[in-house]
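Please look over the sequence and the structure below; the report that follows takes up a few local features in turn.

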Amino acid sequence: MRIATVNVNGIRAAARKGMGTWLEASAPDVLLLQEVRADEETAAALLPGYSSLIWPCRIKGRAGVGVAVREGGPVRLGESRYGVAGQAEEPDVDSGRWLEVDLADADAQTVLTVVSAYLHSGQIGTEKMDQKYAHLELVDTRMGELLASAQAGGPQVVMAGDLNVVRSERDIKNWKPNHNKVAGVLDEEIAHLEGWFASGWVDVARHLEPEAQGPYTWWSQRGKAFDNDAGWRIDYQVATPSLAGRAVSAVVDRAASYAEQWSDHAPLVVEYQL
């Protein structure tokens with residue numbers, strides 16, 4: 001099963017710039033989308049050959065996550081859950097950031113749970129950083145619940161998306177000038193991710209390439225960051241241990257040139273033998 005995750009940076013703009021060509025060539029069985037910034041009907045029309053669920057942000061023009069499955073592929077969309085806080089009321093800024101979907105086979109049996117996640121970017125010294133940490137606390141709790149369920153015999157899980165945090169020097173080109181100075185490279189943020197991995201979750205791309213620099217998934221649109229590959233690895237596929245053990249490859253579909261980019265992020269595509 002091929003699972004791809006990508007922050008599209010606005011699905012309408014991505015479609016105009018060539019997302020459809022990539023989608024046809026890559027043909028993932030499961031596609032996880034972030035920063036969709038469109039309603040469900042609009043997004044679905046831009047995903048030909050796929051059945052999709054989209055959760056827009058309640059603040060127009062922001063966030064939005066989605067899960068899409070290839071029509072005729074090995075799985076179908078099943079039950080869905082919106083928001084990391086479960087039944088609790090979430091603030092508007094947290095909406096459109098966490099979508100869980102059970103994927104079912106032809107017999108309607110759940111074979112896998114996927115999560116499309118778009119975590120806050122944050123900004124040091126502002127309310128946005130408080131919002132990020134509050135959301136991360138909720139994510140910590142839900143990650144614990146999902147792992148416990150999988151370990152008790154429930155569906156295996158992959159949580160994937162734009163997590164807006166690097167883990168180490170191997171995940172960012174310019175570590176020293178950014179470490180503990182810029183949101184996304186703060187030890188306090190990194191500690192949340194490391195807590196998941198210490199509990200048993202697996203960073204699939206890093207598991208497959210433990211010593212690689214990058215590969216990066218996001219590049220600033222300022223200067224020549226893309227041309228110089230001065231990027232950040234902030235898009236992940238985080239899997240339960242059993243599922244991670246079935247991952248055979250992880251590829252970042254980086255555009256051939258800056259002009260051919262259809263998002264400031266590149267898709268992370270993982271092949272699993274299920």
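## A buried loop residue

Leaving aside its neighbours within four places in sequence, T217 is in contact (heavy atoms within 4.5 Å) with W232, R233, I234, D235, V252, D264, H265 and A266. The model is a predicted one, in which local features need pLDDT of at least 70 and side-chain atom pairs count only at pLDDT 80 or more, while totals for chains, interfaces and linings use all residues. Residues are numbered from 1 along each chain as its sequence is written, and side-chain values use heavy atoms, with hydrogens and water left out.

T217 is placed in the loop between helix 6 (204-208) and strand 10 (218-219), where helices (H or I, at least four residues) and strands (E, at least two) are DSSP runs numbered from the N terminus. With a relative accessibility of 1%, T217 counts as buried, a class that means under 20% relative accessible area, whereas exposed means over 50% and partly exposed lies in between (1.4 Å probe, protein chains only).

## Backbone geometry

The loop between helix 6 and strand 10 also holds P215, which is joined to G214 by a cis peptide bond with omega of about -10°. Most peptide bonds are trans, and most residues other than glycine have a negative phi.

A63, although not a glycine, has a positive phi of about 50°; this residue lies in the loop between strand 3 and strand 4 and, at 4% relative accessibility, is buried. N164 has a positive phi of about 55°, sits in the loop between strand 8 (157-162) and helix 5 (187-199), and is buried at 13% relative accessibility.

## An exposed lysine

K60 is found in the loop between strand 3 (50-55) and strand 4 (65-70), and its relative accessible area of 82% makes K60 exposed.
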